Amino acid sequence: MRVKAQVAMVMNLDKCIGCHTCTVTCKQTWTNRPGTEYVYFNNVETKPGVGYPRRYEDQEQWKGGWALDRKGRLQLRSGSRLRRLLSIFYNPDLPTIDDYGDPWTYDYQVLINAPAGTPNPSAHSISALTGQDMHMNWGSNWDDDLAGGPAHAAGDPDLAGLEDQVKLAFEQVFMFYLPRICEHCLNPSCVASCPSGAMYKREEDGIVLVDQDRCRGWRFCVSGCPYKKVYFNHRTGKAEKCTLCFRRIEAGQPTICSETCVGRLRYLGLFLYDADAVLPAAATRDPQQLYRAQLSVFLDPDDPAVADAAARQGIPADWIAAARRSPVYALAVRHQVALPLHPEYRTLPMVWYIPPLSPVADVVHATGYDQADPDRVFAAIDALRIPVEYLANLFTAGDADTVRAVLRKLAAVRAMMRAAQLGLDPGGDLPASVGASESDLEDLYRLLAIAKYDDRYVIPPAHTEDAGRLMAQHEQLFCSLETDGGPGMGGAGPPAASVESFHPDGQPADTHLFRGDDGRVHFNLLGWDGHGTTPHLFPDGGTS
Amino acid sequence: MLRLFRGGPVIWMSPQDADRIGVSDNDWIEAYNRNGVVACRAVVSHRMPPGTVYMYHAKDRHLMTPKSEVSGWHGGSDNSLTRLVVKPTHMIGGYGQFSFAFNYYGPTGHQRDEITVIRRRSQQVEY
């Protein structure tokens, strides 16, 4: 048993309102630079929809992730090492800018230079890449809220096989939002695809990063990632990806997307897992068993044997304690209500999703729970507007029973709490009917409904003894984000000062403030913990 | 933010209505009545019931509003179609929903029935 720790995320899709605040703050912090105009480390898709980039889930086309060869061994779907070597100067499986959407801006000069008296001058779209006039016909979120549904949503690869069930018609309309970041997989195919050895998965917390010094821009990571969450910076000629805001994680803070999430639907915490079990789990033959196989990799942090092994292998005591409190472990493993996105890609993704129940809520409320007929609460689940089979194509490689079990458990939480609110007897059988105890359902209620900041984000800070090595990493491997404009508000980027004042073992002291080239104090979202001053972020009071 | 949808004003309509006036998703259209005109693009979606169109989050009038074929001027925003006419309750004052300002887009919404025409326009737009 080789115990390792992994920082992972759970998103509760019931709560996502599709506001894109995560996208905007992530973009402002990390990719607000020339070369990354089209890049969204975090994006929010409408499902059913084709996603970003277009139809990225269709691995027949893009050849991302892993597949089993004839002998049942794991092999990159893009083929053998030799095939990749032969195609190194021409990789046929790359999305083009039209698949991502040519990012546009506007010809604002028309407005600024309009002579006095011009009635309502109007700026039009130009390409942010070339500056040429452009007619917008695709973007990173073009099919938001089912816009262009008949033309676009029908192309969703997850609808394959459901053509008879799902009619894209007003009376049967359904949709939900799917926020996506890098999955920081346990078995990352991007890392395995890189010919230069520039991509790596960090030992201490499992975050997958690109070493900017070693990246040679071959872009095999872009095609190798089945989630298409590695991007090519056309200015630096190197790959970039979601860093899980590792500098914030090291300081014990949640990622920017989690920090700013309006619906509070994101959870961050630790998994302890057995690194020796990862490859056998990924090579499970039946794709529908991959979810179970993935669960079997995780170790129970409450098990003294696991804690001993972890301590022996250098995992600090406070990390083991944090793993015990991890909301991610509770939701994904203990209660099994969170599911991985597309386990059939065999990368063992570490961003998990609680499938949405919302459209059935009224039916559940109207029906209530009847002790004499426990199936009445759950009858509604099969009448769900979002077909269970569609969710199964997303989260369990098509195994509808697993999704049904999750939805039943979520419905049982609501039925139990509704009974408690109204002073009714929920019936002793209710928890058992979903394979849980009453305290399990109460714990789920606590996690899903009332969890506070400290319950949702249980992130142990990095250790002082590692600080030297981590800081060296920041300086040498800082994901190119200190060059060429740097991250954060399009300014000069986080200054050296924020690295100097980095305190992995405690609260950083005002790391979000720095003095710019203009001599004024500026504010950077990257280090912000929600407290303290925020110069220039909000307008000064007094005028409106 | 504008990159996170269609980058300009749109009117949502059902596939049935779009078929009837020969419009496909992302075509340029014009909506006009005796108050004014909107030139924008169409979003065709099965989320809309037939017979209803929908315009929301009208963006800055100075972005992506080409010259309209009806007036020759830059086609305006949703407010150009929903001109407000004073009614006595507006004069009461003192409450948000009972207040009046010229062409004010307030919580009382549209004030009266108005017949509006939507049609496909030339796809060559000028600004």
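**A buried glutamine, a mixed sheet and the A–B interface**

Gln212(A) counts as buried because its relative accessibility is 7%, below the 20% cut-off. The model is a predicted one. Gln212(A) sits in a loop of chain A, between strand S9 (208-210) and helix H8 (220-224).

Chain A as a whole comprises 544 residues, and 58% of them count as buried. Its secondary structure consists of 24 helices and 17 strands.

Chain A contains an open sheet of five strands. The strand order is S13-S12-S1-S15-S14, with mixed pairing. Strand S13 (298-299) and strand S14 (339-340) stand at the edges. Each has a single partner strand, so one side of each is left without a neighbour in the sheet. Within this sheet, strand S1 (residues 3-12) and strand S15 (residues 351-354) of chain A run parallel. Four bridges join strand S1 to strand S15. Met11(A) stands opposite Tyr353(A), a residue of S15(A).

The interface between the two chains was examined next. On the chain A side, 39 residues make contact with chain B; on the chain B side, 30 residues are in contact with chain A. The two chains bury about 2900 Å² between them. Carbon and sulfur atoms account for 61% of that buried area.

How many salt bridges does the rule find across the interface of chain A and chain B? There is one. It pairs Arg47(B) with Asp145(A), and the closest N and O atoms are 3.7 Å apart. Polar contacts between chain A and chain B amount to 16 residue pairs, with both residues at pLDDT 80 or more.

Several elements of chain A contribute to the side that touches chain B. Helix H1 (21-30), strand S5 (104-106) and helix H6 (149-152) each supply at least two residues. By class, this side of chain A has 21 nonpolar residues, 14 polar residues and four charged residues.

Definitions and conventions: Residues numbered from 1 in each chain as written. Chains lettered and ligands numbered in written order. Predicted model: local features only at pLDDT ≥ 70, side-chain atom pairs only at ≥ 80, totals over all residues. Heavy atoms only, no water. Contact = heavy atoms within 4.5 Å. Buried area = accessible area lost by both parts, 1.4 Å probe. Salt bridge = Lys/Arg side-chain N within 4 Å of Asp/Glu carboxyl O. Polar contact = N/O pair within 3.5 Å; in protein donor to acceptor, adjacent residues only side chain to side chain. Nonpolar A, V, L, I, M, F, W, Y, C, P; charged D, E, K, R; others polar. Buried < 20%, exposed > 50% of the residue type's maximum accessible area, 1.4 Å probe, protein only. Pairing = 2+ DSSP bridges.
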